[in-house]
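Take the sequence and the model below as the starting point for a short exchange.

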Amino acid sequence: MMAKIEQFVVEGLGHQSYLITDEASGSAAVVDPRRDVDVYLQAANRADVHITHVLETHIHNDYITGSHELAARTGATIVASGLDLLHYPFSPVREGDQFSLGELTFQAIATPGHTPAHTSYLLFTRAAEQPEALFSGGSLLVGGAGRTDLLGEEQIITLTRQQYQSLQRLLTTLPEQVTVYPTHGAGSFCLSKSDNNTARITTIGQERLKNPVVRAKSEDDFIAQQIAGYTAYPSYYQYMAPINRAGPRIMGDIPTPLTLSPYEVYERMRQGIYLIDGRSSEAFAHDNIPGSLNFAVGDSFATYIGWLLPFNTPLMLLIEDEAGRHEAVVQLVRIGYERIEGYLDGGIAQWKAAALPTSEIDTIDIETLYKRLLRNEPFLVLDVRRDDEWSQGHIPGSTHIHIAELLLHMDELPTDQPIMTICHTGYRASIAASMVAATGRSAVAVRGGMGDWLKSGFPFASSDSDTRRKTAPLMNHMNHHP
């Protein structure tokens with residue numbers, strides 16, 4: 001008998017959770033649930049089973065767990081490592097402990113590394129001597145391993161050594177046919193490095209061939225490679241583990257934001273409350289409310305809010321469709337942003353009908369930017385990508401400030417010339433342009449970004465040195481152009 005396993009994916013967080021059902025007993029377990037738990041309740045209802053267990057592989061740093069919520073709404077038992085002292089009821093497990101779900105058996109296996117008390121779970125079907133599946137959390141990932149720097153620099157080496165040993169143990173002791181179900185996948189900043197691997201599950205056999213721990217010449221080599229692959233991660237991460245340890249607030253239904261009139265929005269903006277414009281970058285550039293910030297609703301909406309704005313700061317929304325507002329609220333509560341003041345009733349049209357001011361932001365494509373650079377027109381190209389992206393190739397003469405640091409360095413930007421913001425695809429550039437424009441500076445968002453620049457064969461520079469200094473002007477790099 002094979003266990004029935006359903007996977008749930010949150011693209012923007014790179015988060016993967018699982019519903020495991022035992023149809024014979026009508027019971028089910030959820031592994032590493034997200035905070036908006038209705039998807040599991042609906043799936044359990046469709047399968048006519050009751051959720052009796054919630055398994056946590058570790059205290060999460062990238063999102064607020066749904067375990068507390070799910071247990072409150074179903075009466076399920078939360079299972080977690082006995083070394084992680086949660087401040088709400090749970091059933092502690094340690095290495096080798098087993099518990100049953102009808103005819104299925106779970107066995108806890110200590111896999112420290114991603115976190116000190118990280119625990120994976122082996123799944124056995126009735127009377128089977130070998131496990132069928134491994135729920136590996138942030139330990140063994142598809143072609144990788146969970147990063148070990150999220151708890152502070154002082155623990156990196158120790159945790160990376162533990163990660164190496166945990167991976168070695170899993171890959172050398174488990175049968176190759178065991179299917180591996182990780183919690184972190186493509187799109188997660190908890191991955192040790194970014195790649196184009198979009199696979200969501202793997203097997204022990206596949207990982208024996210391609211996992212970094214296998215390719216490493218030694219433990220020290222593995223440590224060096226892992227640490228070298230780490231990139232910046234969102235600032236909201238620092239708040240997740242304390243909330244998850246203490247027990248997130250029980251929400252019930254996802255809250256519906258209140259309606260706000262244009263004058264109520266205007267007054268709250270004067271008080272310093274952020275207005276988040278979730279429309280497309282094109283719509284925002286054409287017509288926007290001065291001082292608003294453009295985070296277009298999409299997979300990365302909440303991630304960048306959590307990266308750039310103070311944690312759980314009060315927010316207002318300018319999102320003109322109900323589905324978009326719901327998606328925005330769901331994404332925000334997943335990472336602990338609960339103080340949503342409301343949304344602008346009637347959108348930008350109602351704002352204009354109230355005779356309140358609007359503004360525009362210019363946009364520019366790559367070809368036009370290149371021509372204007374060749375003419376030495378007076379403007380600053382501001383690259384807001386990560387350090388590793390900048391080092392791989394950037395426009396000569398541009399200035400680099402990672403978007404997460406932009407507010408800290410805004411005073412360093414000129415006020416007497418346009419600032420052209422650029423990223424890889426244009427999403428972060430639009431956010432950055434709205435931030436620059438909110439200070440009264442002249443902002444221009446570059447459409448397409450460095451991805452299109454490099455595809456066009458235009459000159460570029462690369463650097464591993466100080467990522468915030470200017471590089472030589474474009475004309476000095478014309479020899480790079482075919």
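This is a predicted model: local features need pLDDT of at least 70, side-chain atom pairs count only at pLDDT 80 or more; totals for chains, interfaces and linings use all residues.

Residues are numbered from 1 along each chain as its sequence is written, and side-chain values use heavy atoms, with hydrogens and water left out.

Student: Which strands stand at the edges of the open sheet?
Tutor: The sheet has six strands with mixed pairing, in the order E7-E8-E9-E10-E13-E14. Strands (E, at least two residues) are DSSP runs numbered from the N terminus, as are helices (H or I, at least four), and two strands pair if DSSP finds at least two bridges between them. The strands with a single partner, so that one side of each lacks a neighbour in the sheet, are E7 (98–101) and E14 (202–203).

Student: Is Tyr 181 buried or exposed?
Tutor: Tyr 181 lies in strand E13 (residues 179–182). Its contacts (heavy atoms within 4.5 Å), leaving out residues up to four places away in sequence, include Ile 5, Tyr 18 and Phe 135. Buried means under 20% relative accessible area, exposed over 50% and partly exposed in between, with a 1.4 Å probe and protein chains only. At 13%, Tyr 181 is therefore buried.

Student: In E24, which residue is the bridge partner of Ile 419?
Tutor: Strand E23 (residues 419–422) runs parallel to strand E24 (residues 443–446), joined by three bridges. The bridge partner of Ile 419 in E24 is Ala 443.
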